[in-house]
Each structure stands twice: as structure tokens, then as C-alpha cells.
Amino acid sequence: MSKSFDIIIVGAGIVGAACAAECARGGLRVLVLDRGPIGNGTTGAGMGHIVVMDDSEAQFALTSYSRSLWRQLVPELPVQVEFDPCGTLWVAADDEEMAEVERKQKYYSERGVTVEALDGAAVAEAEPNLRPGMAGGLCVPDDAVLYPPCAARFLLDRACEHGAELRTTTSVHDLLPSGGVTLTDGSRVAGGIVLSATGPWSPSLLPGLPVRKRKGHLVITDRYPGFVHHQIVELGYLKSAHSVNQDSVAFNIQPRKNGQMLIGSSRQFDAEDTSVDQPILDRMLQRAIGYLPALASLSAIRVWTGHRAATPDKLPLIGPIPDSDRIWLATGHEGLGITTSLATGRLVADLLLNRACEIPPDPYSPKRYISGAEMYE
Ligand SMILES: Cc1cc2nc3c(=O)[nH]c(=O)nc-3n(C[C@H](O)[C@H](O)[C@H](O)COP(=O)(O)OP(=O)(O)OC[C@H]3O[C@@H](n4cnc5c(N)ncnc54)[C@H](O)[C@@H]3O)c2cc1C
């Protein structure tokens with residue numbers, strides 16, 4: 001006899017994993033399908049910075065809510081998740097960027113996020129390997145970093161403890177408006193609701209979805225414990241991450257618990273292949289060396305790329321699609337899906353189970369973009 005599921009989640013990245021954990025904990029019968037292994041997509045390529053961001057009120061609400069959920073989970077996280085409460089240090093190179101420190105300090109403080117503004121001397125003391133002469137910076141001590149594929153594995157283990165079933169190497173061909181899926185081998189799996197958590201591949205299953213692939217490069221170094229102490233991000237990052245269509249690079253470095261460092265990052269549209277783009281990589285590393293001159297003498301051991309799932313307003317798509325209460329989305333998390341996965345999972349479960357949501361879900365509703373007709377063109 002075939003088993004029936006309340007919800008079929010397509011995608012075992014961090015977002016699908018978080019949705020599975022919350023739905024299973026809420027008593028739903030959950031099936032998770034992925035064509036590869038766990039964390040096979042962008043989750044395995046991302047940086048794992050848990051960070052509060054403020055491009056918009058809705059982005060702030062989602063990132064700060066999700067960061068608080070990560071912090072509540074800390075006592076339960078296994079060591080493999082490598083949770084490190086190292087904080088973020090936003091560095092300002094000049095007076096223009098110091099104005100951003102002041103704006104950000106005010107914005108975060110007014111909303112209850114702990115921050116500390118630093119002058120140039122305090123920045124140099126906090127991170128002695130930064131080039132001399134920084135104007136200042138902003139420390140966000142409750143931000144953190146973790147290792148995303150192991151975090152996804154942990155969340156899926158949680159889901160399975162609550163009765164969820166996980167099937168990897170299972171490729172979905174179609175989402176059915178009646179709630180189930182067809183697999184690429186032609187078989188069908190029945191379910192009440194199907195949730196697509198397929199990240200940058202979501203338009204393959206729902207053509208017309210406003211999700212574009214935005215390529216990023218990352219470099220990992222050999223082990224240099226203590227070379228940096230925070231996730232350090234240039235405030236110029238905000239200018240480049242905001243530029244919607246141009247290729248951009250920005251200095252962003254993350255300490256790993258084992259002493260390795262991840263160096264990012266780049267952003268490119270219309271670059272769907274996974275190959276390393278040497279000119280962009282050179283620009284990205286030069287930018288990093290500009291901030292941390294001693295990096296030039298350290299060894300990098302690997303470089304890779306991944307694709308973020310970008311939406312036009314830089315907010316994810318969470319909830320049912322228009323004209324179907326059987327097909328749901330949890331996608332479009334761009335460069336913040338590790339941070340916002342837990343809030344996404346909680347919102348999906350709250351909406352499905354008719355529970356009150358802790359933050360308003362409407363800003364993330366797919367209904368803001370999509371008419372049913374467009375989805376199925
Ligand atoms: C360079 C880079 C740095 C980043 N840094 C950070 C960071 O510091 N902090 C942060 O919060 N975020 C960061 N991100 C973003 C973050 O990695 C993503 O937002 C997040 O991983 C998205 O997770 P997801 O589960 O939605 O998608 P994915 O991890 O891509 O998962 C989608 C899954 O769907 C599966 N799938 C797709 N189609 C099908 C199908 N037809 N059938 C079955 N399975 C299918 C795939 O195999 C995949 O496993 C970064 C991203 C990049 C590229």
C-alpha cells in the first residue's frame with residue numbers, strides 16, 4: 001500500500017531541510033525529495049554567515065527573526081555544524097562609509113539589535129591584519145557563522161526523528177496542481193501539498209517564476225588560526241550587492257573554526273555555468289588583499305562557484321502560489337538563505353497549520369509577483 005504524505009518537499013538544501021524539520025515537528029507527514037545528496041545545491045556552495053541585514057524592513061524582520069531562531073538552537077547543534085558566535089565586523093574605509101556605520105547603528109539599535117560602533121583604532125585592535133587607516137566599523141556581536149551542509153543534515157535528521165521520510169537521488173519532473181509530483185522515472189508520488197524548495201532551479205519546475213541565478217565565487221585557504229576573528233565585510237559591499245545587473249566583487253572573509261578562511265564574494269547574472277571565471281576571481285582576491293595585505297602570502301587550497309536564487313526585490317518567495325493552495329514555494333533566498341532558512345521553515349509550518357506567525361508573512365508571499373497564468377505559460 002502506498003504511503004500518503006501531507007507535504008512533499010522538493011529540495012534537501014537548508015531551506016527544504018528547515019521546512020521539513022518544522023512541518024514534521026508540527027505533526028505533518030513529510031516526504032523530502034532531492035535529485036542529489038543533502039546540501040547538493042547552493043547550500044553546499046555558500047558561506048554560512050548568519051547575519052542581520054537591513055536592505056528593507058521585511059529583510060530585517062526575516063533575518064533578525066531567523067538569527068534568533070538559530071541562537072535558540074545552539075545548545076542542540078552538533079559540533080559538525082561548527083557554529084561560531086564570532087560576530088560581524090562591518091569595516092568602513094572612508095567618511096562616506098562611516099556615514100553608513102552611523103545609519104546602521106541607529107537602525108539596528110532602534111530595533112533591539114546589539115551593535116557597537118568602532119573608530120579606526122578600535123578596528124585595528126579588533127583585527128590587526130586589516131590594512132592601517134580604516135575609518136572605523138560596526139561590530140554586530142550576535143551574528144555568527146556555521147557550516148551549511150552539516151546544518152542541513154542536522155535539520156533533516158530532526159525531521160526524520162519526527163517521522164519524515166527522505167529520498168535522495170530522486171529527481172522530480174513535475175509539480176502537480178493536485179498536490180503530488182511526478183518523478184523523472186515516470187512514477188507519481190501523492191501528497192496533500194507540494195513545496196518547492198529548489199533554490200536557483202525553481203523556474204525549471206514552475207516556468208515564469210521571477211527567480212534568476214546569481215553566480216558567486218568562494219576561495220578557501222589553508223589553516224591560519226587567529227588571522228581574522230570576525231566575519232569581516234566591507235561596507236562598500238552594500239553598494240555592490242545592491243547593484244542589480246552589473247558583475248560585482250566585494251571583500252568578505254569568514255574565519256572557520258579549524259583556522260581556514262573563506263574569502264568571498266562575487267555576484268554575476270547571466271553566468272549559468274559553474275566554471276571559475278578567472279578575471280572575476282582575480283578581482284575578488286585583489287579586493288580582499290587590499291583590505292588584508294598579508295593574505296597575499298597565504299595559501300588558498302580551493303575555489304568553487306555556486307548560484308544564488310535572486311528575486312527582483314531581494315526577498316524570498318514563501319507560501320502558496322496564486323490559484324493553487326496545493327503548490328507552495330520556499331525559494332528565492334539569494335545570499336541569505338542560510339541565515340533565513342529557520343524563519344522560512346517556521347513561517348511555512350505556521351501558515352500550513354493555521355498558527356499565528358511571529359512576523360507578518362505577506363512581504364514574502366509569492367502572490368506579490370505571480371498571476372496563475374504567468375506561472376504556467
Ligand atoms: C557564494 C555564495 C555565498 C553565500 N553566502 C551566504 C552566507 O554567508 N549566508 C547566507 O545566509 N547565505 C549565503 N548564501 C546563500 C545560500 O547559500 C542560499 O540562499 C541557500 O543555500 C539556499 O538554500 P536552498 O535550500 O533554497 O537551495 P539549495 O541549497 O540550492 O537546494 C535546492 C535543492 O533542490 C534540489 N533540486 C533542484 N531541482 C530538483 C528537482 N527537479 N528534483 C529534485 N531535487 C531538485 C537540488 O539538488 C538542491 O539540493 C551564499 C550563496 C553563495 C552562492
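Q: Take a charge to sit over a ring if NZ of Lys or CZ of Arg is within 6 Å of the ring centre and within 35 degrees of the ring normal. Where does the charged end of Arg 131 sit, then?
A: This is a predicted model. In it, the charged end of Arg 131 sits over the ring of Tyr 291, with 4.9 Å to the ring centre.

Q: And which ring does the charged end of Arg 103 sit over?
A: That of Tyr 107, at 5.9 Å from the centre.

Q: What does Tyr 107 pair with, ring to ring?
A: Phe 60 is a partner of Tyr 107: the ring centres are 5.4 Å apart and the planes stand at 85°. Planes over 60 degrees apart count as edge-to-face, so the Phe 60 and Tyr 107 pair falls in that class.

Q: Where do Phe 60 and Tyr 107 lie in the chain?
A: Phe 60 is in helix α2, residues 57-73, and Tyr 107 is in helix α3, residues 95-110.

Q: Are Phe 60 and Tyr 107 buried or exposed?
A: Both Phe 60 and Tyr 107 are buried.

Q: How many aromatic pairs are there, and which residues do ring pairs link into a cluster?
A: The count is four aromatic pairs. The cluster consists of Phe 60, Tyr 107 and Tyr 108.

Q: While we're in helix α3, what about Glu 97, buried or exposed?
A: Glu 97, also placed in helix α3, has 5% relative accessibility and so counts as buried. Its C-alpha atom lies 8.6 Å from that of Gly 137, a residue 40 positions away along the chain.

Q: On to the ligand. How many residues surround it, and which are the closest?
A: The ligand has 35 residues around it, and the closest are Asp 34, Thr 42, Thr 43, Val 172 and Thr 339.

Q: How much of the ligand does the protein bury?
A: The protein buries 97% of the 1000 Å² that the ligand exposes when taken alone.

Q: Which elements give two or more residues to the shell?
A: Those are α1 (14-25), β17 (300-310) and α9 (337-352). The largest share, three residues, is from α9.

Q: Which residues other than glycine have a positive phi?
A: Lys 314 is one of them, with phi of about 60°, and Asn 354 also has a positive value, near 55°.

Q: Where do Lys 314 and Asn 354 sit?
A: Lys 314 is in the loop from β17 to β18 (317-320). Asn 354 is in the loop that runs between α9 and α10 (372-375).

Q: And their accessibility: what is the relative value for Lys 314 and for Asn 354?
A: Lys 314 has a relative accessible area of 29% and is therefore partly exposed. Asn 354 is at 72% and so counts as exposed, the cut-off being over 50%.

Q: Other loops. Which loop holds Asp 143?
A: Asp 143 is in the loop between β6 (136-140) and β7 (144-145). Its relative accessible area is 0%, so Asp 143 is buried.

Q: What lies 3.3 Å from a polar atom of the side chain of Asp 143?
A: The backbone nitrogen of Val 52.

Q: Last one, Val 228: where is it found?
A: Val 228 is in the loop between β13 (212-221) and β14 (231-234). At 6% relative accessibility Val 228 is buried, because the cut-off is under 20%. Between the C-alpha atoms of Val 228 and Arg 167 there are 39 Å, and the two are 61 residues apart along the chain.

How values were computed:
Residues numbered from 1 in each chain as written. Predicted model: local features only at pLDDT ≥ 70, side-chain atom pairs only at ≥ 80, totals over all residues. Heavy atoms only, no water. Near = heavy atom within 4 Å. Areas by Shrake-Rupley, 256 points an atom, 1.4 Å probe, with all protein chains shown as cover. Helix = DSSP H or I, 4+ residues; strand = E, 2+ residues; numbered from the N terminus. Phe/Tyr/Trp six-rings, centres within 6.5 Å; stacked < 30°, edge-to-face > 60°. Buried < 20%, exposed > 50% of the residue type's maximum accessible area, 1.4 Å probe, protein only. Polar contact = N/O pair within 3.5 Å; in protein donor to acceptor, adjacent residues only side chain to side chain.
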